[in-house]
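Please consult the sequence and the structure before reading each solution.

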Amino acid sequence: MNNLDRMSQNLLQLLEQQDPDVARLLADEAGRQETTLELIASENHVSSAVMHAAGSWLTNKYAEGYPGKRYYGGCEFHDQIEDLARDRAKELFGCGFANVQPHSGANANVAAFMAMCKPGDRILSLPIKSGGHLSHGLKPNFSGTFYDIVEYDLDPETELLDYDEIGRIARETKPNMIICGFSAYPRTIDFEAFRRIADEVGAVLMADIAHIAGLVAAGVHPSPLPHAHVVTTTTHKTLRGPRGGLVLTNDEEVAKLVDRKVFPGSQGGPLMHIIAAKAVAFGEALDPSFKTYSAQVVANARALASALVGRGYRLCSGGTDNHLMLVDLQPRDAALTGADAERWLESAGIITNKNGIPNDPRPPMVTSGLRLGASALTTRGFDEDAMVEVAELLDRVMGSQGDESTCRTVREEVRALCSRYPLPH
């Protein structure tokens with residue numbers, strides 16, 4: 001807790017006086033993050049500037065509408081902040097339009113679906129069991145409820161996208177929209193190939209880059225923007241901003257539709273404090289140091305992946321090109337499940353999430369795999385050698401089948417490793 005910046009310490013002192021229960025829980029969570037290794041691919045550590053912008057005076061204000069066209073008075077500075085966030089997002093991604101109001105990536109997808117499709121339209125996407133996202137067509141989700149979802153899948157042998165097969169399915173099913181961009185796909189996405197398929201069948205192409213947005217912004221992954229009609233993303237994960245969503249496009253007509261479908265189509269008042277934090281994060285990502293960081297994320301992911309393969313684990317698709325990897329646990333131990341591994345590792349201070357592998361024989365709450373990401377540890381300053389140490393700790397815990405003594409020993413080693421690489425403030 002000594003590593004907290006002064007504003008965070010002041011906040012906790014204030015809360016201790018007014019609401020000691022919340023203060024205690026916040027302090028506990030700060031301590032948890034400080035002393036554990038965060039390997040969940042969809043999580044990261046924001047700067048103090050981003051965090052405190054998200055907890056600012058802007059939380060007091062309603063600002064329904066857009067800059068210059070609000071439904072409430074008193075929005076002079078909110079307009080300037082939203083304009084700043086939009087301008088920075090456009091510069092960061094090299095596009096002509098950005099809507100920074102979506103509360104989440106799923107909300108951004110709602111707006112994109114509503115802008116580009118009518119209820120009942122056919123949408124072609126990768127299913128969640130193969131690395132897609134729940135908002136891309138899962139039955140209980142809005143996407144699976146209001147749209148006719150058809151699926152393409154990974155090649156069963158290589159576990160890679162098969163663009164010829166995707167094209168065949170698109171020609172057969174004639175979708176109105178095709179979705180690319182995934183939550184557990186460790187390889188580079190060929191957005192140009194997806195656009196060729198979309199053009200061939202007269203479909204709109206939507207790219208959801210929630211996981212790789214920071215890598216795209218830094219130029220270490222190809223951008224979808226020359227190819228996709230509409231792009232959605234979160235602003236956390238590899239972009240290292242607050243939890244929120246973003247919609248991008250270069251098409252003026254699509255931009256008008258998106259604005260209407262964010263507000264008033266699917267949301268009311270924007271979260272202006274989060275938009276301020278987005279602006280700060282976009283500014284950070286425009287700094288040259290963010291390119292260095294993003295390149296290190298990819299290098300660290302590859303180092304971790306290689307070290308795990310050397311210890312007997314299998315990587316789905318055979319490796320990683322981005323920040324994440326999907327680890328098949330079965331070759332290391334046929335009885336080892338993702339659920340067991342997640343629980344054991346957390347007891348040792350290593351935070352992961354169980355994840356299904358392609359054609360997983362186990363149910364979603366059990367799974368045969370782990371999804372691991374390098375973004376958060378890279379934020380702490382980890383390099384390739386440190387990631388090899390992390391692989392050894394992971395393997396020691398899982399290889400012991402969660403032995404309590406082993407987990408206690410690893411927990412102390414994790415604390416020492418975290419002390420070597422403290423969270424930046």
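**Exercise 1.** Across which strands does helix 10 lie?

*Solution.* The model is predicted: local features need pLDDT of at least 70, side-chain atom pairs count only at pLDDT 80 or more, and totals for chains, interfaces and linings use all residues. Residues are numbered from 1 along each chain as its sequence is written, and side-chain values use heavy atoms, with hydrogens and water left out. Helices (H or I, at least four residues) and strands (E, at least two) are DSSP runs numbered from the N terminus. Helix 10 (residues 252-262) lies across strand 4, strand 9 and strand 10, at about 5° to strand 4. Angles run from 0 to 180 degrees between N-to-C directions of axes fitted to C-alpha atoms, for helices over the stretch in contact; contact means heavy atoms within 4.5 Å.

**Exercise 2.** Determine the strand order and the edges of the sheet.

*Solution.* Strands pair if DSSP finds at least two bridges between them. The open sheet of seven strands, with mixed pairing, has the order 4-10-9-8-7-5-6. Strand 4 and strand 6 (148-151) each have a single partner strand, so one side of each lacks a neighbour in the sheet.

**Exercise 3.** Describe the pairing and burial of strand 10.

*Solution.* Strand 10 (residues 245-249) pairs in the antiparallel sense with strand 4 (residues 97-99) over three bridges, where asparagine 99 has valine 247 as its bridge partner. Strand 9 (residues 230-234) also pairs with strand 10 in the antiparallel sense, over four bridges. Gly245, Val247 and Thr249 point one way, Leu246 and Leu248 the other, and all are buried (under 20% relative accessible area, 1.4 Å probe, protein chains only).

Conventions
Buried means under 20% relative accessible area, exposed over 50%, partly exposed in between (1.4 Å probe, protein chains only).
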